[in-house]
Amino acid sequence: MKKIAILGAGSWGTALAMVLAENQHEARLWGNNEAQIKEINERHTNEHFLSGVFLDPSIRGYLDLAEAVKDVDAILFVLPTKAIRIVAKQLNDLLKNKPMIIHASKGLEQETYKRISEILAEELDRNRYEDIVVLSGPSHAEEVSRRDITTITAACENIESAKYVQKLFSNSFFRVYTNTDCVGVEMGAALKNVIAVGAGALHGLGYGDNAKAALMTRGLTEISRLGVAFGADPLTFIGLSGVGDLIVTCTSIHSRNWRCGDQIGKGIPLPTILENMGMVVEGVETCKAVYALAKEKNIEMPITTAVYNVLYKGHDVREEIQCLMGREYKSEASIKEHQ
């Protein structure tokens, strides 16, 4: 049995805690909402994030970060991207026995545009932890909490660290594959949220499956272009953290990014959508970072640009779609031909 501190008691952090408890590990959920932590400990529910789901009584909630990470074997970050650096800074003095650092968040940091593993490597003292592993793939917390079949990826340049995480989480309904391409896995995880906002907007406007397939396929091309420019393996994007994650995020009402786009397509203002969502919509902030990176690398990303124009320039969704459809005719080129 291992002791794991899960930093972030939202839907995904709670679902992963349930997987760990299922595997007979000690799962500690840390959060900063006193009422929520009390609910987890006394009622064994987290109703705001996973309605109607009962947690294993062994899962304990913590408000004190030092207490949550004391003597743990691993620390799992499942926080919004904007909170990763802040919390990581607090950890150095608390890490005593070199735990494995795992993150299951999906985004790019604003201003620096850095991947989450890069943020963690910058802020954590390398002598105080074992390694950093990325945990990502096509997964809705709601379905994992119901023990639906799920497959995701554990990525680390050190394959043995990836295998450690694979063994930690894998069971009869939750299967983990390993990968050594952290750049590809993290870029796929972050960028698909932007495409999902676009997919939701198409649905909100009443477009059908043809349009959805077009957006997802060409969206994957954009994700691949940018990822490869930063050193990712192109094959990663046809795997679980690429096309797999893109499918699940662009086609489901469970996806906050899809729901955000769907409401944009129906004419609801973005500030109203974000206020009513009650949870972080990573694709909105990530879009700003991806747009800037594409400009920096001189990489053509027309779908991302269209989503950016709608979110940040107030452009009409229908007009952006017409601009996309009216672009110069091109070949369906390979990734390398775009570099």
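How near do the axes of helix α4 and helix α5 come, and at what angle do they cross?

Guide: This is a predicted model. Start with the pair you asked about. Helix α4 covers residues 81-91 and helix α5 covers residues 116-123. Their axes come within 9 Å and cross at roughly 20°. Angles under 35 degrees count as roughly parallel, so α4 is roughly parallel to α5. The crossing of α4 and α5 is right-handed.

Now look at the residues that touch. From α4 come Thr-81, Ile-84, Arg-85, Ala-88 and Lys-89. From α5 come Ile-116, Ile-119, Leu-120, Glu-122 and Glu-123. By class, the contact of α4 with α5 has five nonpolar residues, one polar residue and four charged ones.

Next, the sheet. Eight strands form an open sheet with mixed pairing. Read across, the order is β3-β2-β1-β4-β5-β6-β7-β8. Strands β3 (60-62) and β8 stand at the edges. Each has a single partner strand, so one side of each is left without a neighbour in the sheet. From one strand to the next, the twist averages 25°.

Take strand β4 (residues 74-77) and strand β5 (residues 100-103). They run parallel and are joined by four bridges. Leu-76 stands opposite Ile-102 in β5. Now move to strand β7 (residues 150-155) and strand β8 (residues 174-179). This pair is also parallel, over six bridges. Thr-151 has Arg-175 in β8 as its bridge partner. To get from β7 to β8, the chain passes through helix α7 (residues 159-169). This β-α-β crossover is right-handed.

Helices also lie on the sheet. Helix α1 (residues 11-22) lies across β1 (3-7), β2 (26-30), β4, β6 (132-136) and β8. It runs at about 165° to β2. Helix α10 packs on the sheet too, touching β6, β7 and β8. The direction of α10 makes about 145° with that of β7.

Helix α10 has a helix partner as well. Helix α8 (residues 182-205) and helix α10 (residues 240-250) have axes that come within 9 Å. They cross at roughly 30°. That makes α8 roughly parallel to α10. Here too the crossing is right-handed. On the α8 side, the contact residues are Val-185, Gly-188, Ala-189, Lys-192, Asn-193, Ile-195, Ala-196 and Ala-199. They meet Ser-241, Asp-245, Leu-246, Thr-249 and Cys-250 in α10. This contact of α8 with α10 has seven nonpolar, four polar and two charged residues.

Helix α11 (residues 256-265) and helix α12 (residues 270-277) have axes that come within 10 Å. Their axes cross at roughly 140°. α11 passes α12 in a right-handed crossing. In α11, the residues in contact are Arg-256, Arg-259, Cys-260, Gln-263 and Ile-264. They meet Leu-270, Ile-273 and Met-277 in α12. By class, the contact of α11 with α12 divides into five nonpolar residues, one polar and two charged.

Technical notes. Residues numbered from 1 in each chain as written. Predicted model: local features only at pLDDT ≥ 70, side-chain atom pairs only at ≥ 80, totals over all residues. Heavy atoms only, no water. Axes fitted to C-alpha atoms, helices over the stretch in contact; angles between N-to-C directions. Helix = DSSP H or I, 4+ residues; strand = E, 2+ residues; numbered from the N terminus. Parallel < 35°, antiparallel > 145°, perpendicular 65-115°, else oblique. Left-handed = near helix turned anticlockwise from the far one by under 90°. Contact = heavy atoms within 4.5 Å. Nonpolar A, V, L, I, M, F, W, Y, C, P; charged D, E, K, R; others polar. Pairing = 2+ DSSP bridges. Right-handed = clockwise from strand over helix to strand, strands pointing away.
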